[in-house]
Structures are given as structure tokens and as C-alpha cells.
Amino acid sequence: MGRKWTWGQAIGCLLTALLLIAVLHPFLWLVVAAFKPENEFMKYPPTVFASSYGFDSFIRVWDTIPLVAFFRNTIIFSAGVMAISVLLDSMAGYAFARLRFKGNKTLFTLVLITMMVPFQVLMIPLFVEVFKLGMLDTYWGLIIPRAASAFGIYLMRSFFISLPKDLEESGRVDGFNEFQIYWRLMLPLCKPVMITLGIFHLMNNWNDLLYPLMLTSSTEMRTLSAGLAMFVGQRNIEYGPTLAASLLALLPLLIVYVFAQRFFVQGVATSGMKG
Amino acid sequence: MRRSLRSYLAGWNRPERAAYLFIAPALAILLLFTVVPLLATLAISTMNMDVFLQVKGFIGLDHFERLLGDDRLIDAIKHTLYFAGVEVPLQIILALLTAVYLSRNTRWRKLLRSVYFVPSICSFTAIGIVASFLLDPQTGVYPAYLVNLGLPRLEFFRDPAWAMPSVIALTVWRSFGYSMIILVAGIQSIPDSYYEAAQLDGAGKARQLFSITIPMLMPSLSFCVITTTIAAMQVFDQIFVTTQGGPLNKTETIVGYIYNTGFKMAPYDLGYASAISVMLFVFIMAITLVMNRYFLRREADMA
């Protein structure tokens, strides 16, 4: 405590603390508001705190919004994409990093080019394509177009390249075939990067709005993001349940973040290293 | 027979052939759902097509001619540029300031970093709903705070002049932590010896920031600027949830207009919507290339 504070440190500390409040305030408000009774939202002037709290909103939300279906769809969609994409990305990344074959460089360059194409440019033909395949408004229609990602291939490739040379040789000596070398020798070494990539996919797909909005048409197939956005658009539902639903939609990722923070951060930080 | 099958399979076990099996699934997906749609966008943009996928013939470049005289599109472009022009600098400056201040690994700074990143893992749907409540002119607490401070009551998302600034504030609030994480990683990879040498030369903190941190950070910084700009050109989610393009279409952006043209407004003109997509693609590519060249030159100058 005997440390002397300079003006710069004091101002820095003050500003970051203010920013901390600005970042946290909406979340704290949401948590409080989700437990308020419905009539408290109509009070004027508005207040943050209420005179009584209860689980009313959390009970009524299941009747007002098809939240069970939204959760089920979101979990199947984002977990499905996560599992399949991590597998396919790691296979392709492995081959690009460690196997010599004709066209390796050219094909990898093509993969990097596809990373630059924004989804918004593709969305109309993608919609047409998924429709023609008869997969509109189905889980496969949501999962398959996202089942491999250029960023994932890029990330896995840079990891596999960093593994020691001649690792394959020990597998070949043991009589492994090429797939066993990848599966039994290489994959166990890249658990951290697979988790990083998996969480990156999970976060992006859980939160995505436009993609599931376009590829689903019935309310029962909507994801949390798309479904809640449509419900808010109608503007005739109650306040409490809407906020309760928003809080419930945020909670799973926030819980994963608390326990696996470094994987979230790594995914984002490595996406910045590719330049 | 069995032997030939076995020798056939053994042939696929050679690394140079097995590689194709490893890359085939992922490349098939990318080809089918990225490359084909990209080419198809170009094709559809020259056709008359509605949402029931009825193609009513090839019309060449008519859609592109229509682009030029479409006032609503011009407005959407203006709104998008307004958004990008204000949001990107704000987000980058806030991210840079916090990254510089928080890059050292003390317990408090690590905690602040993790909290600042939290909004980035939240969907725009959920935080957009929360923002609509907080900023509601009648029942929201933020307008009430303004009144308590003796400031005029703002209508935020409902006011044509304030709707876009509100959307911008919401976006900066959500996304600065994301850029901050990238910049912190960049700052932490700068060797300490550079700063030690600068201290020996008597350089102060400010001098160190402008002579070491920012030049050494250029690759990460340019990555942030370019990706944030690309994201800003595609802005859609937060607007769809909060203002739906209103009031008076003042927050309708290019992607919002594509969505409205193709999927929301009769006659669901997918052909014309594709033509706008093609225009957006050209826009984004041009901006990326120009920025990339600019930053590469800056990096070369500074090296």
C-alpha cells in the first residue's frame, strides 16, 4: 500500500473501471430484470430494482416461446457442426501439413481463398442449393454446408506443421497404415488445438443469426438466435419471458467460457496471427 | 480376386495417394457450399428468379443497370458506409487503448481482459433484445438516466437521427473485446528486450508506445482493421434485432436490403438480390485489397 500512484496510473485505473461497469451493467440488469414480475416493466419512471422477485418469467417463458425446440435445434446444429467440422478440418489439415502429394500447394491456396468470401455473398445460391437438395428446414441442411471450414483447415495445418519431423516414421515402423498414423499417433497430440477449434465453431454457430434464419422456415426448426429474433420482431410478447429466454440463451456459452476461457481466447488470438 | 483387392487397398495406403482421401471430404464441402454458390451468385444475378426458384429467363446485365438507379440501395450503401466509417475507428481505438493498458499479465488485468471479452461470446440476438429494453424511450433505464443527469430524453432506436449511433454503440460495446484479445496477443509477442533498450535510451512510455508497440503491432493491427471493416460492410444481425432497418429505413444496410429484397418483400426477387450481393462482394474485395496494400506499405516503411 506504500506504493505511490502516478496520475497516469490513476486515470488508467479509473477509465478501465468505468469501462468494466459499462460492460457488465447490461448483464447485471438482465439478471435482475429476468426475475422481476411483469407489471414492474410498465412503471414510470423505470427502475432497475423491483419490490419483489420471483421465477414467474422462467415459468411462463416455456408457454410463450417454443424454447425447448429452440434449444434442441441449437444444440444439434452447433454441436453437430463442431464435431464433424473438427474431424474433417483436422484430416485435411493433416494431409496439407504432413503428406506430400501433387497439388498440395495449389489446393491449399484455394482453401485460403475461400476463407475470404463473405457468407452474405453466397447466401442466396446456398439457399437455392439446400432447397434443391431437399434439405431446407432440416438438421442436415443446417449442418452439412458448415461441415468443413477453411479457417479450421488452416488452423489444424499450422499445428500439424509444428509437430516434430519423422513422427510418421515411428508409426510406419510399427506397421500402422496411413489412417492409423493420423488417428492413433497424431490426433492425441493435438487435443488442445482441437478443443480451441471446436469452441470456435461452437461459439460462431450458436450465435449465428442470418444463416439459420435463411435455412429454416418453420418455427419448430429455428435456433435460439433466429427464433428469438423472430419473436421479438412480432413485438407482442411479454417482457419478462423475453428477458428470461435471452438469459437462458446466453447461459450455456457463458458457463463454457468460465471453464474453458483459454480456448476461447486462443481461437480468437490465432485467427489474428494468420496475416 | 482377394489378392487384387488387397493390393488395390495397399495402393491407397501410400502417403501420396492417401492424402487425397484425407482432404476429399473437407474439399468436397468447400467446393459444394462455397465455390459453387460463389459462381452461382454470378449466374443468378443475370436471371429473373423469385423465391419459389422460378426462373423466368436470362436478362443479362439488366439487374446491374437497375442497381444504379435504385435510390433505396444508394441509401443502404450510405448507411453502411456511415456505420463502417464510425464503428471501425471507435472499435479499433478502444481495443488498442485497452490492449496496451492491459497487456501485462497481472491478476487484475487478466480479469479485466476476460470480462471485456464476455460480450463477444454473446449472440447479437440476446444482447440486441437487452439493448432494446435498456434504451426503450418509455420503459428503458438509460433514457431515464439521461433525464436524471439533466440531459434531453433520447429516443435511441426510435429516433431516425439516433438509431444508427445507437446501433454503432451497441456494436462497439460487443466487439471491442474481440479486437482487444487479438491485439494483446500481438503485444505480448513483442520481445521485452526492445523495451529495455528503449528505456536505456531514455524513451518514456508514450515514446515507447509510438516507436515500438504500434510499429511492431502493425500485422495484428492491420488484421483487426481489415476484418472489422469487412464485418462492418456486412452488418446485419444487430440491426435485424433492434431497429429492423427503421425508423424511416434509416438503418437499412446493404445486407439488410439484400435480405429484404430476396426474402421479405414481395416479389421475393432473388435475381436482383444476387446482383446486390455481387456488388457487395466487389466492394469488399476492393476495400480489402486497398487496405492490404496500404498496410503492407506501412509495414515496409516501418521495418
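User: Why is A:Trp7 called exposed?

Analyst: In this predicted model, A:Trp7 has a relative accessible area of 71%. Exposed means over 50%, buried under 20% and partly exposed in between (1.4 Å probe, protein chains only), so A:Trp7 counts as exposed. A:Trp7 lies in helix H1 (residues 7-34) of chain A; helices are DSSP runs of H or I with at least four residues, numbered from the N terminus.

User: What makes A:Trp7 part of a nonpolar patch on the surface?

Analyst: A patch joins nonpolar side chains (Val, Leu, Ile, Met, Phe, Trp, Tyr) within 5 Å, using residues with over 30% relative accessible area and no salt bridge. A:Trp7 forms such a patch with A:Ile11, A:Leu14, A:Leu15, A:Leu18 and A:Ile21, and together they have about 710 Å² of accessible area. That area comes from the Shrake-Rupley method with a 1.4 Å probe, where only the protein chains shown count as cover for residues.

User: And why is B:Phe156 called buried?

Analyst: Happy to take that one! The relative accessible area of B:Phe156 is 13%, which is under the 20% limit, so B:Phe156 is buried. B:Phe156 sits in the loop between helix H7 (141-148) and helix H8 (163-188) of chain B.

User: What makes the phi of B:Phe156 worth a look?

Analyst: B:Phe156 is not a glycine, yet its phi is positive, about 45°. Most residues other than glycine have a negative phi, and most peptide bonds are trans. A:Asp137 also has a positive phi, near 70°, and is placed in the loop between helix H5 (119-132) and helix H6 (139-143) of chain A. As for peptide bonds, a cis one joins B:Gly246 and B:Pro247, with omega about -15°.

User: How do you know how many residues are in contact between chain A and chain B?

Analyst: Contact means heavy atoms within 4.5 Å, and on that basis 91 residues of chain A are in contact with 84 residues of chain B. The buried area, meaning the accessible area (1.4 Å probe) that two parts lose on being put together, summed over both, is about 7,800 Å² here, with carbon and sulfur atoms giving 78%. In chain A, A:Gln120, A:Val121 and A:Ile124 lose the most area to chain B, together 8% of what that side buries.

User: How many salt bridges are there between the chains?

Analyst: A salt bridge needs a side-chain nitrogen of Lys or Arg within 4 Å of a carboxyl oxygen of Asp or Glu; the count between chain A and chain B is zero.

User: What conventions apply?

Analyst: Residues are numbered from 1 along each chain as its sequence is written, and chains are lettered from A and ligands numbered from 1 in the order in which they are written. Local features need pLDDT of at least 70, side-chain atom pairs count only at pLDDT 80 or more, totals for chains, interfaces and linings use all residues, and side-chain values use heavy atoms, leaving out hydrogens and water.

Methods
Patch = residues over 30% accessible without salt bridge, like charges linked within 9 Å, V, L, I, M, F, W, Y side chains within 5 Å. Helix = DSSP H or I, 4+ residues; strand = E, 2+ residues; numbered from the N terminus.
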